[in-house]
Amino acid sequence: MSNSFKIPSAFEQYAIPPSADFQRKGARQIRTSHFYFQALRRHQGLAVGLLNGNIIYFHDSWEYPQHRHSHYELILPQKGIYRCQLNGQELVLHPGSALLIQPGDIHQDHLLGSLEYFGFEFSIHRLDTGLPFPYFLRRGSTAQEHVFSLQYPEEIHALLGLFQGELQRHPGGVFPVLNGIFQTLFWLIFLQEEKKPQFEEGRGLRVEEELQKQRILECFQQNHERHMEMAQLCQLLGMSASTLTRACRRYFGMSPIRAFMQQKMEIIKAYLADHPRVLLKDVAARMGFADQFHFSKCFRQIVGVSPRQYLEQVSRQRAEY
């Protein structure tokens, strides 16, 4: 980073002026940015944490399979044009912009030609409860509303250079260093005057609702190898059918059985991608389906293609990559 790096005006309200003793002596004082971003963290009531950071260099064409995100992702194009589909809407990003993907969003990359971009997977939690913060942007935002213009491109470029340098100096990087760089990037990008995020504190889930949602998801995930009926889910969760139905409609926008099957298929998709030579009849038996036909029918209903077509798509894309 150059010596000219300065904290942008967005953070001036959090600055600590030089002490009176320093001012009287005409001394120059340069502070770290720790105070600025700790103050921002407290002010917004959110804790941001890096999960994984990648630098992608691409010189071919590749359609990454459509997938539903379970975490946040930030994409920052550096060279070339980044194209993707977000929640059914096409997007085109150029250097100087950033894309925020939220948990639950449906995303598909269209990687075409020479391209370089940074991809950061991260989490956001509430400071008061420690619970996940699922909607940084308001629910129902258009795909274009997920795109941010970078107001401080020089500072962000310098920070990305630091991130890249850290990865090059140490295999995988020293995580506390990478996490600190990412947190600074996050606030530089998303604390903007022109396009501030739409926090949903007033309309979001209460603490007890967040806990209930997490308990339902854990039940789905822990029982993904079983065939589950409504009565079994109600028994495991200690809820009546009407209570569970209302909860799933509120949290997932679908019925309990559909929500369970959605989670089940996400796990199966990951398993198929890691085991491309597996026999589908073995997957059907392992995952609690009556037979391969029933498994294929359910998979197509949720994913949109048959398990065999999905395996062929993944294998083809890996070969092209």
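Predicted model: local features only at pLDDT ≥ 70, side-chain atom pairs only at ≥ 80, totals over all residues.
Which strand is D109 found in? D109 sits in strand β8, covering residues 106-111; strands here are DSSP E runs of at least two residues and helices are H or I runs of at least four, numbered from the N terminus. Residues are numbered from 1 along each chain as its sequence is written, and side-chain values use heavy atoms, leaving out hydrogens and water.

**Around D109**

D109 is buried but has no salt bridge, and R83, the nearest side chain of opposite charge, is 12 Å away. Buried means under 20% relative accessible area, exposed means over 50%, and partly exposed is in between, using a 1.4 Å probe on protein chains only. For charge, Lys and Arg count as positive and Asp and Glu as negative, while His and the chain ends are not counted. A salt bridge takes a side-chain nitrogen of Lys or Arg within 4 Å of a carboxyl oxygen of Asp or Glu.

What D109 does have is a polar contact, side chain to side chain, with Y82 at 2.3 Å. Such a contact is a pair of N or O atoms within 3.5 Å; within protein, one must be able to donate a hydrogen and the other to accept it, and residues adjacent in sequence count only if both atoms are side-chain atoms. Leaving aside residues up to four places away in sequence, D109 touches W62, E63, Y64, H67, Y82, R83, C84 and Y117, with contact meaning heavy atoms within 4.5 Å.

Strand β5 (residues 82-86) runs antiparallel to β6 (residues 89-93), and five bridges join them; strands pair if DSSP finds at least two bridges between them. L86 stands opposite Q89 in β6. Two residues lie between the strands of this hairpin, and N87 takes a positive phi near 50 degrees.

**Aromatic pairs**

The whole structure holds 22 aromatic pairs. Rings of Phe, Tyr and Trp (its six-membered ring) pair with centres within 6.5 Å; planes under 30 degrees apart are stacked, over 60 edge-to-face, and the rest tilted. Here are two of them:

| Pair | Centres | Planes | Type |
|---|---|---|---|
| Y251 and F252 | 6.2 Å | 80 degrees | edge-to-face |
| F295 and F299 | 5.9 Å | 70 degrees | edge-to-face |

Y251 is buried at 8% relative accessible area, whereas F252 is partly exposed at 21%. F295 and F299 are four residues apart in helix α10 (residues 292-303), so about one helical turn separates them. F295 is buried at 0%, and F299 is buried at 0% too.
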